[in-house]
Amino acid sequence: MNSDQYPHIRRLRRNATLRDMLNENRLSASEFIYPMFVVNGTGVRTPIEPMPGIDQMSVDIAVEEAQRAMEAGVKSVLLFGIPDIKDATGSGSSAPDEAVQQAVAAIKRASPETYVITDVCLCEYTDHGHCGIVKGNDTDNDATLPLLAETAVSHAEAGADMVAPSAMMDGQVAAIRNGLNEAGFSNTPVMGYSAKYASAFYGPFRIAADSAPQFGERRAYQMAPNQGREAMREIEADLEEGADIIMVKPALAYLDVIKEAAMRFDTPLAAYNVSGEYSMVAAVGCAGWLDRERAMMEILTSIKRAGADLIITYSAIEAAELVARG
Ligand code: PBG
């Protein structure tokens, strides 16, 4: 065979500098968002068993952790609150003295440059573990909306830079947008968990947040994994309602959805590299069955290559450190 008869693709792979020059998708710390679980109390750092390296933290420790993230170049955090007391309506979700509201204020005070985003949902605060008010066997969509808006406003009042509704109630972005505007927070952006699937990959998060539904499951409001086009409808709905940033969640098993959304919509797109994706790599890496760091970076790169502008990931700090080392 004459070597002129086929394309010479490998010529560009033989030199490390050239490979680096031709890198199509470079991860950067500025696109990472670091999720944190905040609890009440002080000096608390409780490891989350299925997520090695990730802890439940009291406000004082969360402040230190946000500063550690900042030092690694990760300037944005996403806060989840775990209350001491849960009730039927998730009333803790909008309480100004709850962990999340306190953490927002404390982080902004200690580290004003940190961009603080809050998760807006009721499931961590309801005793039944559902994302909204329950009537009979179903969540009551419209009764839940004002509570989500109230929660978002309480976060903004505490100083949150952005709010991110994840309850998958229809109309939640509009309800929150209106609530924020009426409360004088018209400049606070909303990042919708637009296409959020009912996923087995949330398992470790539910242990971390103690938010597993006590009966039934979330398939009546989260999307079925089989649905691709429906994700586009969900995103369109969020955009009509005024979402500033859209999201696909989880990421790894939904790279096709991320890609489709990136091609269709010009709004900034986030992808959530969820707890189960983190745990999977941690567990397999711990067994010595693959190189954990390489697998982690490969997954994050695939999410970027699919078209995500922002990646929410528990690996944010470690990945940022690896990116910095080059
Ligand atoms: C709250 C919420 C969940 C996650 C983010 N926000 C849990 C769920 O819907 O059950 C999952 C995040 C993760 O698994 O890392 N509704």
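Trainee: How far is the polar side-chain atom of Ser 275 from an oxygen atom of the ligand?
Mentor: The distance is 2.7 Å. Keep in mind that this is a predicted model.

Trainee: And what about Arg 206 and its distance to a ligand oxygen atom?
Mentor: For Arg 206, a polar side-chain atom is 2.7 Å from an oxygen atom of the ligand. Tyr 314 also has a polar side-chain atom by a ligand oxygen, at 2.5 Å.

Trainee: How much of the ligand does the protein bury?
Mentor: The protein buries 100% of the 390 Å² that the ligand exposes when taken alone.

Trainee: Which residues come nearest to the ligand?
Mentor: There are 18 residues around the ligand, and the nearest are Lys 196, Arg 206, Lys 249, Ser 275 and Tyr 314. By class, the shell splits into ten nonpolar, three polar and five charged residues.

Trainee: What space does the ligand take?
Mentor: The ligand takes the space of the largest cavity. That cavity holds about 150 Å³. It is lined by 19 residues, of which Cys 123, Lys 196, Tyr 202, Phe 205 and Lys 249 are the closest to its centre.

Trainee: How does that lining divide by class?
Mentor: Nine residues lining the largest cavity are nonpolar, four are polar and six are charged.

Trainee: How many cavities of 30 Å³ or more are there?
Mentor: The structure has four of them.

Trainee: What lines the second largest cavity?
Mentor: Its lining includes Asn 273, Glu 277, Tyr 278, Arg 292 and Ser 315. Helix H9 (275–286) and helix H10 (292–306) are the elements that each give two or more residues to this lining. Six of the lining residues are nonpolar, two are polar and two are charged.

Trainee: Switching to the backbone. Where is there a cis peptide bond?
Mentor: The cis bond joins Lys 249 and Pro 250, with omega at about -10°. Lys 249 is also one of the residues that come nearest to the ligand.

Terms used: Residues numbered from 1 in each chain as written. Predicted model: local features only at pLDDT ≥ 70, side-chain atom pairs only at ≥ 80, totals over all residues. Heavy atoms only, no water. 1 Å grid on protein atoms, 1.4 Å probe; cavity = no way out; pocket = protein on both sides within 12 Å on 5 of 7 lines; lining within 4 Å. Points joined across faces, edges and corners; volume = space filled by probe spheres on them. Nonpolar A, V, L, I, M, F, W, Y, C, P; charged D, E, K, R; others polar. Helix = DSSP H or I, 4+ residues; strand = E, 2+ residues; numbered from the N terminus. Near = heavy atom within 4 Å. Polar contact = N/O pair within 3.5 Å; in protein donor to acceptor, adjacent residues only side chain to side chain. Areas by Shrake-Rupley, 256 points an atom, 1.4 Å probe, with all protein chains shown as cover. Sits in = over half its atoms within 2 Å of the grid points.
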